[in-house]
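The sequence and coordinates are shown first.

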Amino acid sequence: RTPAEPRPGEPFADLLARVRACTVCAPYLPNPPRPILRASPTARLLIVGQAPGRRVHETGIPWNDPSGDQLRLWLGMTREVFYDESRIAIVPTGFCYPGTAHGSDLPPRPECAPLWHPQLRAAMPAIRLTLLIGAYAQAYYLGKRRGRTLTDTVAAWRDFAPDFLPLPHPSPRNRGWLKRNPWFEAEVLPVLRKRVGDALQASDNGAAPG
């Protein structure tokens with residue numbers, strides 16, 4: 001049995017320990033593997049980004065950077081709520097920092113999501129909403145359903161309800177995209193906050209998944 005092979009009935013803590021010990025991509029990474037994710041079997045909201053940046057790799061805290069600050073502004077959410085892993089799971093498309101090229105972060109390693117996301121999703125049956133942040137998360141979860149461009153996919157957000165909500169990446173580098181697409185802040189952000197609030201409220205009320 002390989003370390004990444006699914007183990008039905010496995011305690012959630014053991015699954016997380018296997019994920020955090022993963023070294024499948026070690027030959028391709030600039031640093032020793034440090035898988036970074038937060039998850040719980042009681043989580044109601046799943047946030048799927050791309051891969052940790054350098055600062056996140058160094059701190060071990062996902063979205064602990066200017067992109068995370070912007071994401072929390074979009075969500076209307078405090079850091080305390082954002083990092084409550086009993087309610088919110090943060091599982092990127094790639095768990096380890098992939099390095100940079102020409103001043104930009106490299107894509108998530110392609111081995112990571114197919115290896116671990118199905119196991120983690122199966123172990124989190126209470127998830128009501130998954131936020132797909134950026135093109136890599138959208139490509140993995142939506143496949144051929146996604147639009148020709150990220151803008152097309154985000155603009156078609158209604159097509160992916162109620163399970164998914166696609167978003168652009170909140171990186172400061174995307175300020176130009178936000179200026180060119182004012183409909184996102186006007187139209188999508190209110191829906192994002194409402195749907196996230198509904199998912200977390202269901203958790204507070206002890207409602208059954210659905």
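## Largest pocket

The model is predicted. Its largest pocket has a volume of about 720 Å³. The lining consists of 30 residues, and those that lie nearest the centre are Gln50, Ser67, Asp105, His169 and Ser171. Two or more lining residues come from each of helix H2 (54–59), helix H3 (66–75), strand S4 (104–105) and helix H6 (135–142). H2 gives the most, with three residues.

By class, the lining of the largest pocket has 15 nonpolar, 10 polar and five charged residues.

## Second largest pocket

For the second largest pocket the volume is about 170 Å³. It is lined by 11 residues, with Arg128, Leu129, Pro162, Asp163 and Arg195 nearest its centre. Strand S5 (129–133) and helix H9 (183–205) are the elements that give two or more residues to this lining. The lining of the second largest pocket divides into five nonpolar, two polar and four charged residues.

## Helix H3

Helix H3 is one of the elements that give two or more residues to the lining of the largest pocket. Its buried residues are Ser67, Gly68, Leu71, Arg72, Trp74 and Leu75. Viewed down the axis of H3, these buried residues fall within an arc of 155 degrees, so they line one face of the helix.

After H3 comes Gly76, which has a positive phi, near 65 degrees.

## Cavities

How many cavities of 30 Å³ or more does a search of the whole structure find? There are two. The largest cavity has a volume of about 120 Å³. It is lined by 17 residues, of which Cys22, Cys25, Phe95, Cys96 and Cys112 are the closest to its centre. Helix H5 (residues 112–122) gives the most to this lining, with three residues. The lining of the largest cavity comprises 13 nonpolar, two polar and two charged residues.

The second largest cavity holds about 40 Å³ of space. Its lining is made up of Gln50, Ala51, Pro52, Pro98, Asp105, Leu106, Pro107, Pro108 and Tyr136. By class these are seven nonpolar, one polar and one charged.

Technical notes. Residues numbered from 1 in each chain as written. Predicted model: local features only at pLDDT ≥ 70, side-chain atom pairs only at ≥ 80, totals over all residues. Heavy atoms only, no water. 1 Å grid on protein atoms, 1.4 Å probe; cavity = no way out; pocket = protein on both sides within 12 Å on 5 of 7 lines; lining within 4 Å. Points joined across faces, edges and corners; volume = space filled by probe spheres on them. Helix = DSSP H or I, 4+ residues; strand = E, 2+ residues; numbered from the N terminus. Nonpolar A, V, L, I, M, F, W, Y, C, P; charged D, E, K, R; others polar. Buried < 20%, exposed > 50% of the residue type's maximum accessible area, 1.4 Å probe, protein only. Arc of directions from axis to C-beta.
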